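This report looks at a few parts of one model and describes which residues meet there. The sequence and structure come first, and the description follows.

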Amino acid sequence: MSTQIYLAQARASLNSQDCMALYDKWAATYNDEVGDEAQNYVAPVLVAQVALRSSNNPARSVILDAGCGTGLVGQALAMSGVKAIDGLDLSNPMLAVARKTGAYRHLAQADLTRRIEKADDTYDIVTCVGTFTAGHVGPDPALRELVRVTKRNGIVIATILKEIWVSGGFKSEVEKLKAENVVTVVSNELIDYVKGHGDKAVLVVLEKVNRT
């Protein structure tokens, strides 16, 4: 099956089970297909670069890669010296590929449409790439959950497919979190996503408010 067909099916998923089944089938060839010149999936490296710039000491940062897939973000972080990276994903076959990279401290299956089984204030940085897209995970409760598991003054870095930034409720959820003084919006910019397709995503960087 071609990458275009996989992407189309993934973005047309009606529920988490459909989405998981699709990625289970795609896992073995995913990296080769999204990494070739025709696709040029640049978002993982761009987000890893933002994460590294967000830390005064990346080697000592504890990072959660939410929706880690095959480990593209984790690999980019590990190559730059980050040692404590945990990963969550819905697909066990994708996690199996991520495990082989050796980039992760711990990997676990998780449905990001539900509560994350992590304690409050656990991570210095949380990344989420390729998960907030059509047919995948919506903004509520996922964005709030990513913030919850982030330490005070910690950073959440997420990509949201441009087409669903407004219509999918992501823009309004970010505004709600800001209005509730849960986060400050560090930046919000349009970036290349799957460059070969011409896909764009909104790259959002949120800082968790240090409330006493």
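## Surroundings of Arg148

Leaving aside the neighbours within four places in sequence, Arg148 makes contact with Arg115, Ile116, Lys118, Ala119, Asp120, Asp121 and Lys208. The model is a predicted one, and in it Arg148 belongs to helix 6, which covers residues 142-148. Because buried means under 20% relative accessible area, Arg148, with a relative accessibility of 13%, counts as buried.

## The largest nonpolar core

The largest nonpolar core is made up of 61 residues, and those with the most contacts inside it are Leu77, Val126, Phe132, Leu146, Ile157 and Ile160. For Val126, when residues up to four places away in sequence are not counted, the residues touched are Leu64, Ala66, Leu146, Val149, Thr150, Ile155, Val156 and Ile157.

## Helix 3 against helix 4

Helix 3 (residues 43-53) and helix 4 (residues 72-79) have axes that come within 8 Å and cross at roughly 45°. The two helices, helix 3 and helix 4, are therefore oblique to each other, and their crossing is right-handed.

On the helix 3 side, the residues that take part are Pro44, Ala48, Ala51 and Leu52, and they meet Leu72, Val73, Ala76 and Leu77 of helix 4. Sorted by class, this contact of helix 3 with helix 4 has 8 nonpolar residues, with no polar and no charged ones.

Terms used:
Residues numbered from 1 in each chain as written. Predicted model: local features only at pLDDT ≥ 70, side-chain atom pairs only at ≥ 80, totals over all residues. Heavy atoms only, no water. Core = buried A, V, L, I, M, F, W, Y, C linked by side-chain atoms within 4.5 Å. Buried < 20%, exposed > 50% of the residue type's maximum accessible area, 1.4 Å probe, protein only. Contact = heavy atoms within 4.5 Å. Axes fitted to C-alpha atoms, helices over the stretch in contact; angles between N-to-C directions. Helix = DSSP H or I, 4+ residues; strand = E, 2+ residues; numbered from the N terminus. Parallel < 35°, antiparallel > 145°, perpendicular 65-115°, else oblique. Left-handed = near helix turned anticlockwise from the far one by under 90°. Nonpolar A, V, L, I, M, F, W, Y, C, P; charged D, E, K, R; others polar.
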